[in-house]
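This report describes a protein chain by way of its sheet, its helices and its charged side chains. The sequence and the structure are shown first.

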Amino acid sequence: MLDKEKGLDAVTVSTPDHTHTVAAMPAMQLGKHVYVQKPLTHDIYEARMMTEAAKKYKVVTQMGNQGGSNEGVRLMMEWYQAGLIGEVHKVECWTNRPVWPQGVASPTGKFDVPKELDWELWLGTAPTRDYNPAYLPFNWRGWWDYGTGALGDMACHIIDPPYRVLGLGYPSEVECSVSSVFDGPFKKYFNPDSAPASSSVHLKFPRAGKPDVKLNWYDGGILPERPDGLDPEIEINSNDGGVMMLGDKGIMMCDVYSLNPRLYPQSLMENTKNVPKTLARVPEGHYLQWVNACKAGYGKNKLSSSFDFAGPLTEAILMGNLAIRSFDVKKPGVKKGSTTFPGRKKLLWDGTNMKITNFDEANQYVKRNYRMGWSI
């Protein structure tokens with residue numbers, strides 16, 4: 001397309017996760033502005049490369065986490081900056097995803113490739129394998145070669161508000177717990193090809209001059225513990241998901257896309273009436289904000305989720321997947337089932353250098369091995 005269509009100003013990328021970067025990077029290298037759906041990339045390394053490329057090629061960028069342009073997240077930023085909930089020490093995030101198969105056995109069988117499908121092109125960066133209808137058109141999200149699971153699908157919407165509100169950066173550590181594939185009485189196993197049916201991920205974010213923030217993620221319908229200060233009648237539901245930011249003066253909550261922001265105890269909502277609106281709003285919405293910025297030119301308009309924000313956010317989120325995928329990796333010579341498995345230990349992360357410092361085997365998931373003919 002880029003070879004044929006010389007007059008393009010901008011490109012939008014809505015392919016499966018594993019081809020976001022190889023579609024967007026050539027466009028940026030030609031000076032095309034890009035809008036890329038969430039998560040920005042399939043791997044941590046790709047997110048860093050995309051962030052750096054946006055600056056190098058001076059193109060207007062936006063990730064498709066449209067809640068970043070909503071009124072809700074700006075209200076929460078103003079409420080937090082006004083000190084209504086005090087200092088936050090813990091964040092709880094959750095989703096009902098996946099709503100596609102995950103934590104299942106790898107598919108088998110031989111199938112003819114549909115005549116309308118270019119299977120080799122669809123595979124893109126992923127390893128060569130036979131076509132199977134279990135992978136597409138929709139269920140690719142549950143397979144690590146193509147998707148990023150429930151965390152990759154929804155965290156860019158759900159973790160976005162606390163990431164913005166609290167000014168988070170790279171996490172310093174991560175640990176997780178995951179469900180297994182059931183295969184008969186007393187027999188379970190972890191399928192390294194498929195994201196788990198449910199998981200919990202625990203990240204720690206250091207902050208200069210402020211307390212560290214512990215951010216907990218739950219998917220597959222798992223919900224966080226009800227915190228002190230939240231009335232028993234207040235519902236914590238698994239419909240799409242939500243966020244709780246726990247401060248020393250109160251609790252701030254919202255739904256997916258930063259919708260329905262609110263404070264608890266409910267008496268704190270009275271105080272929001274006196275908080276001035278200091279942040280610029282985006283009445284035109286997330287998509288048109290990017291279009292207008294493209295027309296204005298690089299560096300002229302501020303965007304809600306340009307890659308200098310979306311890249312680090314994506315890296316932090318994909319840290320959770322690094323932990324999940326490392327859950328069943330063992331050190332050479334260690335028997336499976338021993339207590340040295342990283343799923344039962346904390347992984348320490350050097351964000352600047354994109355490296356796990358205490359379990360080198362986990363670093364294989366920082367950057368994927370690209371199939372011959374595909375690279376960035």
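The model is predicted.

**The sheet and its helices**

An open sheet of nine strands runs in the order E12-E11-E10-E4-E9-E8-E5-E13-E14, with mixed pairing. The edge positions are taken by strand E12 (262–264) and strand E14 (355–356); each has a single partner strand, so one side of each is left without a neighbour in the sheet. Within the sheet, strand E4 (residues 88–94) and strand E10 (residues 242–247) run antiparallel and are joined by six bridges.

H3 is mostly covered, with nine of its 11 residues buried. Among the buried residues of H3 are the charged Arg74 and Glu78, together with Trp79 and Tyr80. Just after H3, glycine 83 adopts a positive phi of about 80°.

Strand E1 (residues 10–13) pairs with E2 in the parallel sense over four bridges. Threonine 12 has tyrosine 35 as its bridge partner in E2. E2 is covered on both faces: His33 and Tyr35 are buried on one side, and Val34 and Val36 are buried on the other.

Lysine 32 lies in the loop between helix H1 (20–29) and strand E2 (33–36). Leaving aside residues up to four places away in sequence, lysine 32 touches Lys6, Leu8, Asp9, Ala10, Val11, Ala27 and Val59.

**Salt bridges**

The structure holds 19 salt bridges.

| Pair | Closest N and O atoms |
|---|---|
| Lysine 110 and aspartate 130 | 3.4 Å |
| Arginine 371 and glutamate 120 | 2.7 Å |
| Aspartate 145 and arginine 129 | 2.7 Å |

Lysine 110 lies in the loop between E4 and helix H4 (119–123) and aspartate 130 in the loop between H4 and H5, so this pair ties together parts 20 residues apart in sequence. Lysine 110 is exposed, with a relative accessible area of 68%.

Arginine 371 belongs to the segment after E14 and glutamate 120 to helix H4; the pair therefore ties together parts that are 251 residues apart in sequence. Arginine 371 is buried, at a relative accessible area of 13%, whereas glutamate 120 is partly exposed, at 40%.

Aspartate 145 and arginine 129 each lie in the loop between H4 and H5, so their pair ties together parts 16 residues apart in sequence. Here aspartate 145 is buried, with a relative accessible area of 17%, and arginine 129 is partly exposed, with 25%.

Salt bridges also link Lys38, Arg97, Arg141, Asp153 and Asp240 in a network.

Conventions: Residues numbered from 1 in each chain as written. Predicted model: local features only at pLDDT ≥ 70, side-chain atom pairs only at ≥ 80, totals over all residues. Heavy atoms only, no water. Pairing = 2+ DSSP bridges. Helix = DSSP H or I, 4+ residues; strand = E, 2+ residues; numbered from the N terminus. Contact = heavy atoms within 4.5 Å. Buried < 20%, exposed > 50% of the residue type's maximum accessible area, 1.4 Å probe, protein only. Salt bridge = Lys/Arg side-chain N within 4 Å of Asp/Glu carboxyl O.
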